[in-house]
Amino acid sequence: RLYRRAPVDELPWHREQPPELLWHREQPPELLQRAIEERPAGGRALDLGCGEGVYSVHLARAGFSVVAVDFVPAALSAARDRADAAGVTIDFRQGDVTEFEATEPFDIVLDSGCLHHLPKARVQRYRSMLDGWLAPGGDYLLVHFARRPRVGWIPKGPRHLTREQATTLFAPYALRAYDETTFDVPLPMGPMRAGIYWFTRPLA
């Protein structure tokens, strides 16, 4: 619904994204950039819930072969336009990320705002699928809401993980680094703090 309301098709990519897409960022998280820099030869990358394709394009420009998954047709349309404008090739897939089967593992798996929108019943499937997506020694980058909004009575909305819950969920992956960012969501929700996690899967 938000993608349909936002006039993304009318905006060239150098302009600010419309305010309806409150999660939009033109610059990748610092921890993602650090993970990319550790792989100067590139590799394979999976962008889960790719949205408008900002980070997919960034990964492709850094030399990665990118598969990007989202279930929203309007988001994928915007992402394809962005990739075309950037002159990069990305394998876009429409569908539920928890149903995506990888034919070979990825060196980097990125989830910026996908997991916290999954129904609770699908979280464990996502976690088990991650072991099939991510190669041993690979990096998993997660942007996930870190606390509930100011108004606690709102019955629906994105799910939240504390840092302890996240490290438990993704064990035995090692938490390499942690950062935070804030999304300026208007009331009644109010500003939302998101944790940015950089996990690495053990080699064995």
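Biologist: Which residues touch the most other members of the largest nonpolar core?
Modeller: L32, L59, I90, F92, I108 and L141, out of 29 residues in that core. Such a core joins buried Ala, Val, Leu, Ile, Met, Phe, Trp, Tyr and Cys through side-chain atoms within 4.5 Å; buried is under 20% relative accessible area with a 1.4 Å probe, protein chains only.
Biologist: Which element gives the largest share of this core?
Modeller: α3, with five residues. Elements supplying at least two residues each include α2 (30-37), β4 (106-112), β5 (134-145) and β7 (192-200). Helices (H or I, at least four residues) and strands (E, at least two) are DSSP runs, numbered from the N terminus.
Biologist: What kind of model is this?
Modeller: It is predicted: local features need pLDDT of at least 70, side-chain atom pairs pLDDT 80 or more, and totals for chains, interfaces and linings use all residues. Numbering starts from 1 along each chain as its sequence is written, and side-chain values use heavy atoms, without hydrogens or water.
Biologist: New topic. How do β2 and β3 run, parallel or antiparallel?
Modeller: Parallel, with four bridges joining β2 (residues 64-70) to β3 (residues 91-94). Pairing takes at least two DSSP bridges. V67 has D91 as its bridge partner in β3.
Biologist: And which hand is the β-α-β unit of β2, α4 and β3?
Modeller: Right-handed. With the strands pointing away from the viewer, the path from the first strand over the helix to the second runs clockwise.

Definitions and conventions:
Buried < 20%, exposed > 50% of the residue type's maximum accessible area, 1.4 Å probe, protein only.
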